[in-house]
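Have the viewer open while you read.

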Amino acid sequence: MPAPPFSVSAEANEDVLVTMQRELQRALRKPRSERRWGMVIDTRKCVACSSCTVGCVMENALPPGVVYRPVIDMEVGTYPNVTRKFLPRPCMQCENPPCVPVCPVEATWKRSDGIIQIDYAACIGCRYCITACPYQARTFDFGENWTDNAAQGSEGVLALDAASKYETRPSYDWGTKWERAEGIIPESPVGNARKCTFCVPRLAEGLLPMCVTTCLGRATFFGDLNDPHSLVSELSASPNAIRLKEELGTHPKVYYLM
Amino acid sequence: MWALWLVAAVFGGTGIVERLLYGERFVAYTSYVPWGMWVSAYIFFIGLSAGAFLLSSLVYVFGVRSLERIAKLSLFTAAVTLAMALLSIVFDLGHMERFWEVFTRPQFHSMMAWMVWLYTAYFTLLLAELYFALRGDMSRTSTASHERDRRVLRILGAVGIPLAIAFHGGVGALFGTVMAREYWHSALYPIIFLVGALLSGGALMTAIVAFFWPRRDEAWRETMNFLSKLLLGLVLFDFLLEWAEYSIPGWYQIGAEYHLISYVLFGPFWYVFWVIHLGFGVILPVLMLTLSKRPVVQGIAAALIAVTFFAIRLNLVIPGLISPELRGLQTAYLDPIGHRLSYSYVPSIFEWQVTIGVLAIGVALFYLGCRYLPLFDQSRRVERRSEEIA
């Protein structure tokens, strides 16, 4: 196991990002099968700025129609007692995932660190897993691009050329370089089911998931649920911690503080 | 007829070529309604196949005399509709070039994998049965070898019955086992699929016999009457199951599934249920079948049942998917380019094109079969002929 890229020492009143960074390094020193990555989202701190969604789209070079972490924004109540509720929704990385056993070609599975992985090179694109997820965390890559149907002009007009180059950069989902393209035989992940990876390639480099670092309210916590002293372990044991659709028995590894 | 087929072939063929060149760019299904027209077409065609096959096994296994004349035709229809089903679902795959992975990377938990394995076995069996059923008529074999073929057919047919039940029940289970979709998650599904298969496949055969049978004799009238009675029973039984499927979760007008049922009954596509399915697929055919003994009327009733059964398939696949699993997801993040994060789905012209293309291919296959295979020969007459030769 190589040494983590940078080390952080504890300080009083430190930013939770610093704490989580230190915990991440601690977890990475363990073998993979002894880690159990989890997330806690404090809905009271979320302001629905969507910087997690945007950061995720940038990090994973997501095309239109594919989203790993939308933020549900709901208005509740009737005037004059009106308020809004926010719920960021990453993949729940269920302990008992309903999306895994439905795959006819075993292209998706639970890794030893608890993350549900997809092998884009094996997925046949039947979309059965998409129907089976009770959180709708999987989306399909239809091969669309952000600059599709945009006005075509000379180079540099509306920075279209630059935008098109930017969006066709490879994606590194699951730590593999993917250069998507359409065609008679589309280049994966076009034609595949895609979902949140908990930023597997960033974790491998000792970095926190993108959505955690971009969260301006520090509402998203990430760490090793197998480490009893980690922030996520402590927070997930709070009395106000819930998991979505717990009654289904999927045992999500994403907790919400209400 | 020719002109109609040509229009369908050109219109549909263009769609199929587009599908091959541009993938799924022009479909209307989304990430949230990931299955649509093509999956519905798939289960529609595969139901026709299972139904037509089970009809043929009534002859080969149970020796039902009234259907003997149409046994070969049923087998052939089963093979053609199965080919149509497989085409529909292959076009639906994001990576159709990887379909063989279902055999090389088996996942034994997946109901979909089981379904694929079972219909592969079923397809093989169908082809073998067709071979033995037609061999006697194609070459002038002896009575002894003809008898041997009948025995082989009886065995193949007997193996085929549990296989057809397993594979089509499996298609129902594919939907029924999905816990996340309350609309589908019902133990009744495999049963409904089987009865639906018998009904739609039986109706298709009745319509084919009514309109394409070469000899309008007494025997034909007898077959038509038998099939019509069978059909009437099946329509009513299927309706009973449908009543159970809708009334149980909907009775007290509360709960998640109630909302999906009211979407089917009173939503924007209410006419698919009330007019197309109930009107033209149940009430009208039941009236026609009970009030008239004329083969033309019986044939039209059967054709109505067979065609409108597609409405049942659409109403089975799509409503299961139109409601967000988490409230608010429909507005959480939108896709301005392809509208793929939407819960509303109406099949695009392109999806119709591909389905019509598949239909045109099926009709062409059926026509070629009728033209070049001895599907309409009565085996009794053949026996007589072979006796004369001997």
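This is a predicted model: local features need pLDDT of at least 70, side-chain atom pairs count only at pLDDT 80 or more; totals for chains, interfaces and linings use all residues.

Residues are numbered from 1 along each chain as its sequence is written, chains are lettered from A and ligands numbered from 1 in the order in which they are written, and side-chain values use heavy atoms, with hydrogens and water left out.

**The interface**

On the chain B side, 52 residues are in contact with 59 residues of chain A (contact means heavy atoms within 4.5 Å). Together the two chains bury about 4600 Å², with 57% of that on carbon and sulfur atoms; buried area is the accessible area (1.4 Å probe) that two parts lose on being put together, summed over both. B:Arg25, B:Tyr333 and B:Ile337 supply 15% of the area chain B buries against chain A, more than any other three residues.

There are 6 salt bridges between the chains, a salt bridge being a side-chain nitrogen of Lys or Arg within 4 Å of a carboxyl oxygen of Asp or Glu. B:Arg25 turns up again here, in a salt bridge with A:Glu182 at 2.6 Å, N to O. On chain B, the elements giving two or more residues to this side are α1 (2–22), α4 (101–104), α5 (111–138) and α12 (329–332). Helices here are DSSP runs (H or I, at least four residues), as are strands (E, at least two), numbered from the N terminus.

**A sheet in chain A**

Chain A has an open sheet of 4 strands in the order β8-β1-β10-β9, with mixed pairing; two strands pair if DSSP finds at least two bridges between them. β8 (220–224) and β9 (241–242) stand at the edges with a single partner strand each, so one side of each has no neighbour in the sheet. Strands β1 (37–42) and β10 (254–257) run parallel over 4 bridges, with A:Met39 opposite A:Val254 and A:Asp42 opposite A:Leu257. On the other pairing, β9 and β10 are antiparallel and joined by 2 bridges, and A:Ile242 stands opposite A:Tyr256.

In β10, A:Val254 and A:Tyr256 point one way, A:Tyr255 and A:Leu257 the other, and all are buried. Buried means under 20% relative accessible area, exposed over 50%, and partly exposed in between (1.4 Å probe, protein chains only).

**Helix α2 of chain A**

The buried residues of α2 (51–59) include A:Cys52, A:Cys56 and A:Val57. Their cover includes β2 (71–78) and α6 (210–214) of chain A. In the loop between β1 and α2 you'll find A:Ser50, partly exposed at 26% relative accessible area.

**Salt bridges within a chain**

Over all chains the count comes to 27 salt bridges. Three of them look like this:

| Pair | N to O distance |
|---|---|
| A:Lys30 – A:Asp224 | 2.6 Å |
| A:Lys253 – A:Glu95 | 2.6 Å |
| B:Glu222 – B:Arg69 | 3.8 Å |

What about burial? A:Asp224 is buried at 2%, while A:Lys30 is partly exposed at 22%. A:Lys253 is buried at 1%, and A:Glu95 is partly exposed at 28%. In chain B, B:Glu222 is partly exposed at 38% and B:Arg69 is buried at 9%. Finally, shared partners join A:Arg36, A:Glu95, A:Lys110 and A:Lys253 into one salt-bridge network.
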